[in-house]
Amino acid sequence: MGKFEHGNLLLSLSQGHWHGYSLTAVAVALGIGVAGLCRALNSSLGVQWLLRRFSSESERLYYTGGLQNLGNNCFLNVILQALASCDHFVSSLDDLLGSDDVLPEEQSERMPLILALSSLLKDLSRVRDQKIVLNPESVMHPLSCYVSHFNLTRQQDASEAFVHLLTSLRDEFSHCYVPYKSSLADITMFHSKVYKQREGNQPECKRWKQNIFGPFDGTIGSTLSCRNCSSVLSLDFENFHCLPLSPVADINGDIINGCSLVDCLKHFTVLEHLDNYRCDHCWHNAASKYFSLQSEVDEEKVNKLRTCVDYDSCNCKHLFGPEKTTWSVSSKATKQLAITRCPKVSTIEIHLLKLT
């Protein structure tokens, strides 16, 4: 029997020497977006399509399963094949199936998508001594219940299908999740010395994160700051499954030579400068200084301008009448993105201009 070792190489033995051939599973989405489903950064399992071992007497061939095309669903098949090579994702499905929220005899009814996907991915990564074609319909049927508007048997976008799949998995498990005698406050509270763990169970917030956040889930933070008054205008956080990156271009709009993935990541998080931005904090400062220098000063109204913090919903512009507060204050601002929570598995979507 030929010996199979996990890794990212196709191995062969010829005349007593081992040779390695690297193989990468990439899913390409047609159109403006080109989606690459990347393998786990620290994953030890690759996609082995064919393993050969030669000896002086015979040749043994080993195969992994393929997927049947049921009618232009190759965009979904390539995603399933890429996921089968990611041990972090396969183990996360096992964790969901092994949770105490659903009994084993209830999994087929309450977690049909998770159960079917886990079974299919394991079949895809299993090494056999003969060719086999697997049917993806076992996954497509429960998935269609969550994304009825997305036709799984017609040519579609691979990146969009990938997001639909991950979202459907989260929705399915969230309906099965049962807190351990905890309130919503217990789930969302931060760890502290005051908080006492209940009945020997792990804190509800930690348990909730382990079950809800998968290996592809990350968080992007966006900070908008005023360069004039140094105030933070907005601080937003957004979850992501896939990072939308663009190649670095020169002044002519052409992709620079030798552009790497690291260059794209640096370009994604570069500090942006915004001119002629309206900062409500600067406007309040300017208005309070202007009206405090008037001959008849209304201290109460000026003090309200100085202490106001509800810039988005305040009525400070109407304190002195509309005819006295018609001016605008232009500021300069900066915007920067940052990956505040890195996923275990990085999925990159490279946006290119459509070729004509």
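Me: Where is the place of Asn 72?
Reply: This is a predicted model. Strand E6 covers 66–67 and helix H1 covers 74–84. Asn 72 falls in the loop between strand E6 and helix H1.

Me: What is the phi of Asn 72?
Reply: Most residues other than glycine have a negative phi. Asn 72 is not a glycine, although its phi is positive. The value is about 60°.

Me: Is Asn 72 buried, partly exposed or exposed?
Reply: Buried means under 20% relative accessible area, and exposed means over 50%. Asn 72 has 47% relative accessibility. So Asn 72 counts as partly exposed.

Me: Ser 230 also interests me. Where is Ser 230 found, and what is its phi?
Reply: Ser 230 sits in the loop between E9 and strand E10 (232–240). Ser 230 is a residue other than glycine, with a positive phi. That phi is near 65°.

Me: Is Ser 230 buried or exposed?
Reply: The cut-off for exposed is over 50%. Ser 230 has 61% relative accessibility. So Ser 230 counts as exposed.

Me: Now the rings. How many aromatic pairs does the structure hold?
Reply: Rings of Phe, Tyr and Trp pair if their centres lie within 6.5 Å. By that rule the count of aromatic pairs is four.

Me: Are the rings of Phe 162 and Phe 216 stacked or edge-to-face?
Reply: Planes under 30 degrees apart count as stacked, and planes over 60 as edge-to-face. The centres of Phe 162 and Phe 216 are 5.2 Å apart, and the planes stand at 85°. So the pair is edge-to-face.

Me: How many residues apart in sequence are the parts that Phe 162 and Phe 216 tie together?
Reply: Phe 162 lies in helix H6 (residues 158–174). Phe 216 lies in the loop between helix H8 (204–212) and strand E9 (218–226). Phe 162 is buried, and so is Phe 216. The pair therefore ties together parts that are 54 residues apart.

Me: Which residues do ring pairs link into a cluster?
Reply: Phe 162 and Phe 216 belong to this cluster.

Me: What is the angle between the planes of Tyr 290 and Phe 291?
Reply: Tyr 290 and Phe 291 form an aromatic pair, with 5.0 Å from centre to centre. The pair is edge-to-face. The angle is 80°.

Me: Which relative accessibility values do Tyr 290 and Phe 291 have?
Reply: Tyr 290 counts as partly exposed because its value is 42%. Phe 291 is buried, with a value of 5%.

Me: Which residue has a side chain joined to that of Glu 349 by a polar contact?
Reply: Glu 349 has its place in strand E14 (residues 348–351). Glu 349 is buried, with a relative accessible area of 14%. Its polar contact spans 3.1 Å. The partner is Ser 159.

Me: How far apart in space are Leu 113 and Glu 172?
Reply: Leu 113 is found in helix H4 (residues 112–125). Leu 113 counts as buried, at 0% relative accessibility. Leu 113 touches several residues, including Val 139, Leu 165 and Glu 172. Leu 113 and Glu 172 are 59 residues apart in sequence, and their C-alpha to C-alpha distance is 7.6 Å.

Me: How many helices and strands does the protein have?
Reply: The protein has 356 residues, and 37% count as buried. Its secondary structure comes to 11 helices and 14 strands.

Terms used. Residues are numbered from 1 along each chain as its sequence is written. This is a predicted model: local features need pLDDT of at least 70, side-chain atom pairs count only at pLDDT 80 or more; totals for chains, interfaces and linings use all residues. Side-chain values use heavy atoms; hydrogens and water are left out. Rings of Phe, Tyr and Trp (its six-membered ring) pair if their centres lie within 6.5 Å; planes under 30 degrees apart count as stacked, over 60 as edge-to-face and the rest as tilted. Helices (H or I, at least four residues) and strands (E, at least two) are DSSP runs, numbered from the N terminus. Buried means under 20% relative accessible area, exposed over 50%, partly exposed in between (1.4 Å probe, protein chains only). A polar contact is a pair of N or O atoms within 3.5 Å; within protein, one must be able to donate a hydrogen and the other to accept it, and residues adjacent in sequence count only if both atoms are side-chain atoms. Contact means heavy atoms within 4.5 Å. Lists of a residue's contacts leave out its neighbours within four places in sequence.
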